[in-house]
Amino acid sequence: MLDTLIAGVLRGNVYALGAVGISLVFGVMNVVNFAQFSFFGLGAMFTWFFVVKLGLPFWAALPLVLVLCALIGLAINTAVVRPLAKYLPLAAMLSTYAVALILDNASQMFFGATSRVFPQVLPTSNLHIGNMRFGTADVVMLGITAFVLVVMSLFLKYGNLGRGIRATAQDQEAALQMGIPVALVQNLSFVIASALGGLAGIFIALYVGVADPASGINTGMSAFVAATLGGLGSLLGAVIGGFVLGILESYGVYLFGGSADQIIVFVILLAVLVIRPGGLLGKVPLISSEPLTGTFLGKGRPIRIPKWVWPVAFVVGGIVIPLVSNDYLLSTGTQVLVYAIIGAGFTVTAGQAGVMALGQAGPIAIGAYTSALITLHLHVPFWVALPIAGITAAVIASILSAPIWGVKGHYISIATLGIGIVIVAAIQLIIPMGIQGIPWPQIGDTVLFSARDFYFIDFGVLVLTLLVMWRIRRSHLGRVISSVGADEVAALASGVRVRDYKALAFAISAFFAGLGGSLLAHQYTYIDTTIFSMLMSLLVVTIVILGGVNLPYGAVVGAIILIGGLEALRFTDELRIIIYGLVLILAVRFRPGGILVRNS
Amino acid sequence: MSKPLLEVTDLERHFEGLKAVDGITFQVAPHEVVSIIGPNGSGKTTTLNLVTGTIRANGGTIVLDGRDIGHADTARIAEDGVARTFQNGRVFPTLSVADNIEVGIHSTLHASRPFRSLSHLFLLRWIPLLAELFVAIFGTPGARRERQQIDATVQEEIARFEARLGSRRDDPAYTLSYANRRRTEIARALALKPKLLVLDEPTAGMNQSETAEVLDQLLQLKADGQTILLVEHKLDLVMTVSDRVIVMDGGRIIAQGKPDAVRQNPAVIEAYLGRRRGLGGEDLR
């Protein structure tokens, strides 16, 4: 039991360092920084490179790695995040995701995409108290963390720039008026955060004994959860959140096994958020002074689409393309269509209700698995399984999300992210092997299996989806849901039950996500949980933001650009993700409200 | 005085030890215009927030038209016929002026919201939600008739501010001037056809001519028999429009009565001008 505690403290140590970085950047820039995740992987790989490849001693490599991470952080902030944070925090958040993609792939190109054995630079089990065993490495790690945290808290309390950081975190405008160099403060925070991320990465490698370029995302996620747990923006909260999460997680894994790891992490997070909506040390104002969710919505007017565009698009998309295209183009087309369905359905949650849910992979997975299982085992025809998949996804997602609708602002995004991850992890626990031989759709005795067949099915579903979304937007219900996203307090005062309409919007989006999942499953004929990753959730979010978060047809444009674009870049496999990331950054930079929305 | 529409008894609310509202009791009769005045921090806005359910009271009762609304949620209170505006103005920035007003009508609708009597019940609330979704997608004859009523009410409310909002009907609210946002907010509140209209500083940030315009509109509402609970700093407006004035200081009611009586009340003068000057004036006599 005591060993578990030690393991928990060491785990918590890493989370705490990462969480402090995330919280620091969130505090001064109001941006959730996904790029921070990449530094965990980078820190480990750099250390491996210096120690193993270049033969440097560990103590020389350590400062080098920190400086390198800090410099990369500075470059990212000046080039990408700061210019965007001015427009729209959401756009900046997305761009940090793009940066994370670029960093991860650059790292894999440079270091190779395999995990490396990390040399044992310090003994790991040479000491003991009673029968509790630990090593110099553990003592050193905890010592460094303690030192770093003490220095940082002294700096924040007494240092000139430290005071500037605190002032900027509380009120950026006022800080600027008082002559605090906000740009410098933000750069500095980013640099500190990046170095801390690198340090956490080194610790992971020391602790696990393996340096893995792809290790960033999982650790990053947990560090992010730790920061949320403590209350985003609160540094003490981040440290407490890190250790609490590390220790609880270790005991959870001890009790339920390692495969339940992610479920444990996010169930802890959801429980804390439901009880304390602002995290352990965070405070939620009694009446939000400004509509929190509204800050997600870009203020711009949609470009007016002439009426003739619709029939033309219908003819081109539904008749011309399937007639003239080859199978390769058509199968890309089916992907575009399915993501357009999921994205269009998602706009009612993300755009109208103002809830930027980050876990749509969850309901997509439910739809896919439901449809696969009932067609395989109960021999339900595809045409019946499709709506059942949507309904099941909506029902399960609604039940799981029922407690979270009182959670506000960024926290609700994180809670939905947690729900998505928990759903997929739970499916992995129940059905570990994946499902194969999922039947193709049939009409009478005709089996539909060609890319063209699927294209027509997907196109039909997309047209129906857009019709439904159009009807909802034009109705009284549509306006009411939009009012929830625009200003919750005012909506309540007008007699709108805010929580219920958020739940309804989420259920509608989950329904269409479930349809999309079902379509994917019958097209692939094989599914396992690796398909329904965090990347899938973020892809959905990116698609709607790119098209205009409030425009269902924008999701079609977003899907064409993102899915089609990714496919078009397939000839350059390694550069693909990097170019994709760059395109994303540029699109967000010049059209922060979406491609079909004029800037205002 | 006839039976009061709003009856507030021993209302209390404290924030971490500070007694913002400290046991106040007052009534508002039907068709009456009552204003609450007092120095900054005296608890006026907190009182409005308590009456409209935006925040919960720590003690006391609030009775509207014979029903205890002290523990009801904000949406329920709106359904019971209380509409409000906010101190700094809260419109739905991304919605058009017309859509802003349409949201105000929400709690008066029936055909677009079938089974709405279940909407406050655990789990059963999904029945009205899904029914509303069904009506939105497929439509019903009743909902189509109600749509015409909605459009008529929106038109009626915009007509109230025709010169200002008429040409901006379809503009998103974030593009409006501050004063026009306030007008949109008042129109949205009136669209609810409230028994009690609660206005929190409707003329804040407006210039003299705009304030005069609001005064005219308030007098018009008063002539129509609208019951109003008003918080306002501009005393000229308060004294002109109010039937009764309540003066708050330090979370308590220090005086209430007809505008002229309150104006002469020494406690009020003291609260507004300070003890020494208030008493000093008397010493000189």
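Reader: At what angle do helix 2 and helix 3 of chain A pack, and how far apart are their axes?

Author: In this predicted model, helix 2 (residues 35-53) and helix 3 (residues 58-85) of chain A pack at about 145°, and their axes lie 9 Å apart. The angle is taken between N-to-C directions on a scale from 0 to 180 degrees, and the crossing of these two helices of chain A is right-handed.

Reader: What makes a residue part of the contact between helix 2 and helix 3 of chain A?

Author: Two residues count as in contact if their C-beta atoms, placed from the backbone, lie within 7 Å. On the side of helix 2 of chain A the contact includes A:F39, A:L42, A:F46 and A:F50, while on the side of helix 3 of chain A it includes A:A61, A:L64, A:L68 and A:C69. The residues of this contact divide into 13 nonpolar, 2 polar and no charged. A:G43 is one of the contact residues of helix 2 of chain A, and Gly is counted as polar.

Reader: How do you know what span to expect of helix 10 of chain A?

Author: The expected span is 1.5 Å times one less than the number of residues. Helix 10 (residues 235-256) of chain A has 22 residues and reaches 31 Å from its first C-alpha to its last, close to the expected 32 Å. After helix 10 of chain A comes A:G257, whose phi is positive, near 95°. In chain B, helix 8 (residues 208-223) has 16 residues and reaches 22 Å, close to the 22 Å expected.

Reader: Why is strand 3 of chain B said to pair with strand 8 of chain B?

Author: Two strands pair if there are at least two bridges between them, and 4 bridges join strand 3 (residues 33-37) to strand 8 (residues 227-231) of chain B, which run parallel. As one example, B:I36 has B:V231 of strand 8 of chain B as its bridge partner. Both strands belong to an open sheet of 6 strands in chain B, with the order 6-7-8-3-9-10 and mixed pairing.

Reader: What makes strand 6 and strand 10 of chain B edge strands?

Author: Strand 6 (82-84) and strand 10 (252-257) of chain B are the edge strands of the sheet, as each pairs on one side only. Neighbouring strands of this sheet are turned by 20° against each other on average, with direction ignored.

Note on methods:
Residues are numbered from 1 along each chain as its sequence is written. Chains are lettered from A and ligands numbered from 1 in the order in which they are written. This is a predicted model: local features need pLDDT of at least 70, side-chain atom pairs count only at pLDDT 80 or more; totals for chains, interfaces and linings use all residues. A crossing is left-handed if the near helix is turned anticlockwise from the far one by less than a right angle, and right-handed if clockwise.
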